[in-house]
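Here is a briefing for a reader new to this structure. Please keep the sequence and the 3D view at hand.

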Amino acid sequence: MSNKTLAILKPDCVRKNLIGKVISHIQDSGFKVRAMKMVKLTPDAAKGFYEVHKERPFFNDLITYMTSGPCVPIALEKENAVEDFRKLIGTTDPKKADEGTIRKLYAENIQENIVHGSDSDENAAKEINHFFSRKEILEINGW
Ligand code: CMP
């Protein structure tokens, strides 16, 4: 089991001025912020990140949404990070998410769902490396 996961506060989270509230919720749930930045994804970067969804009917809309403004990738640490973070954010569709989850509290719909969380330890490692250099992770945190 890895103790790392990647969160992305998506463009709707930034636009709605919810960065602070969502990070507080994450930290109050026991996650440590190990690296964080604000970036505006290019279409190529978004397509690379979401390559696994490229055959899905919502892919083009997803790329438009994820490139519509800045987002905030965050490398998080906690025991059982991937699973616990997915529980904390709730299901993809906020209408079906459990009460008290981040998506239930703040998300509009299945696309504009405020936050991303890695779905496996393997993807967490890949996704953290997608946004953070070795220097940013290693030199600050000794990861
Ligand atoms: P996430 O699970 O973080 O990563 C894939 C994203 O694609 C998902 O969040 C939503 O933003 C989007 N997505 C997933 N399913 C749908 C859908 N059925 N319709 C529109 N967008 C979707």
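This is a predicted model: local features need pLDDT of at least 70, side-chain atom pairs count only at pLDDT 80 or more; totals for chains, interfaces and linings use all residues.

Residues are numbered from 1 along each chain as its sequence is written, and side-chain values use heavy atoms, with hydrogens and water left out. Helices (H or I, at least four residues) and strands (E, at least two) are DSSP runs, numbered from the N terminus.

**Helix α2**

- Helix α2 spans residues 19-28, and its buried residues are V22, I23, H25 and I26. Here buried means under 20% relative accessible area, exposed means over 50%, and partly exposed lies in between (1.4 Å probe, protein chains only).
- The arc is that of the directions from the helix axis to the C-beta atoms.
- K21 and D28 are exposed on the other side of α2.
- The buried residues of α2 pack against β1 (4-9), α1 (11-15), β2 (32-36), β3 (72-77), α5 (81-89) and α6 (102-106). Contact means heavy atoms within 4.5 Å.
- G30 follows α2, and its phi is positive, near 100°.

**Helix α7**

- The buried residues of α7 are A124, E127, I128 and F131.
- Seen down the axis of α7, they fall within an arc of 100°, so they line one face of the helix.
- E122, K126 and N129 are exposed on the other side of α7.

**The largest pocket**

- The largest pocket holds about 770 Å³ of space. A pocket is an open set of points on a 1 Å grid over the protein atoms alone, where a 1.4 Å probe fits, with protein on both sides within 12 Å along at least five of seven lines; lining residues have an atom within 4 Å of a point. Grid points are joined across faces, edges and corners, and a volume is the space filled by probe spheres set on the points.
- The largest pocket is lined by 25 residues, of which Y50, V52, H53, H116 and D119 are the closest to its centre.
- Two or more lining residues come from each of α3 (43-49), α5, β4 (115-117) and α7 (121-131).
- The largest share of this lining, four residues, comes from α7.
- By class, the lining of the largest pocket has seven nonpolar, eleven polar and seven charged residues. Ala, Val, Leu, Ile, Met, Phe, Trp, Tyr, Cys and Pro count as nonpolar, Asp, Glu, Lys and Arg as charged, and the others, Gly among them, as polar.

**The second largest pocket**

- About 190 Å³ of space lies in the second largest pocket.
- Twelve residues line the second largest pocket, and K4, I128, N129, I137 and W143 lie nearest its centre.
- The elements that give two or more residues to this lining are α7 and α8 (134-141).
- Here too, α7 gives the largest share of the lining, with five residues in the second largest pocket.
- The classes in this lining are six nonpolar, three polar and three charged residues.

**Salt bridges**

- The structure holds eight salt bridges. A salt bridge is a side-chain nitrogen of Lys or Arg within 4 Å of a carboxyl oxygen of Asp or Glu.
- One of them joins the side chains of E77 and R34 (2.5 Å, N to O). E77 lies in strand β3 and R34 in strand β2, so the pair ties together parts that are 43 residues apart in sequence.
- E77 counts as buried at 17% relative accessibility, whereas R34 counts as partly exposed at 27%.
- E51 forms a salt bridge with K54, with the closest N and O atoms 3.1 Å apart. E51 is partly exposed, with a relative accessible area of 45%, and K54 is partly exposed, with 45%.
- K87 and E83 meet in a salt bridge (3.6 Å, N to O). Both lie in helix α5, four residues apart, about one turn of the helix.
- K87 is exposed, with a relative accessible area of 55%, and E83 is partly exposed, with 45%.

**Loop residue K37**

- K37 sits in the loop between β2 and α3. Its relative accessible area is 24%, so K37 is partly exposed.
- Leaving aside neighbours within four places in sequence, K37 is in contact with C71, V72, P73, F131, F132 and E136.
- K37 and S133 are 96 residues apart in sequence and 12 Å apart in space, C-alpha to C-alpha.
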